[in-house]
Amino acid sequence: EMVDLRTARWRIIEMLCIASPQAASERLILRAICDDEVGISEASLRRELLYLQERTLVEVEQGDVWRAKLTSAGVDVYEYQAAAPTSVARPPHHWR
């Protein structure tokens, strides 16, 4: 599985912001973020969700089907109100 994890992490944050304030299932996240640029397995997605949780950007509910939602810190990163970790490929913000 060849994937740019930094881009995958940003896509996860983007998708969870769209789903907010509801939690999104791992299956929904996978369908939303996978394309020609980002292909990721369920196991890899779970690793990345835990990684983002360790950085307090997401909250993860583990069960038969995992669910995740953004924390307030994750929303701040998405909205360019806080610095993104270097491990997340957030695109440059173009101010109007």
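Author: Buried means under 20% relative accessible area, exposed means over 50%, and partly exposed lies in between (1.4 Å probe, protein chains only). This is a predicted model, in which local features need pLDDT of at least 70, side-chain atom pairs count only at pLDDT 80 or more, and totals for chains, interfaces and linings use all residues. Residues are numbered from 1 along each chain as its sequence is written, and side-chain values use heavy atoms, with hydrogens and water left out.

Reader: Ser87, then: buried or exposed?

Author: Ser87 counts as buried because its relative accessibility is 12%.

Reader: Where is Ser87 found?

Author: In the segment after α4 (72-78). Helices (H or I, at least four residues) and strands (E, at least two) are DSSP runs, numbered from the N terminus.

Reader: What does Ser87 touch?

Author: Leaving aside residues up to four places away in sequence, Ser87 touches Arg6, Arg9, Tyr51 and Arg55. Contact here means heavy atoms within 4.5 Å.

Reader: And which side chain joins Ser87 in a polar contact?

Author: That of Tyr51, at 2.6 Å. A polar contact is a pair of N or O atoms within 3.5 Å; within protein, one must be able to donate a hydrogen and the other to accept it, and residues adjacent in sequence count only if both atoms are side-chain atoms.

Reader: How does β2 pair with β3?

Author: Strand β2 (residues 58-61) pairs with β3 in the antiparallel sense over four bridges; pairing requires that DSSP finds at least two bridges between two strands. Glu59 stands opposite Lys69.
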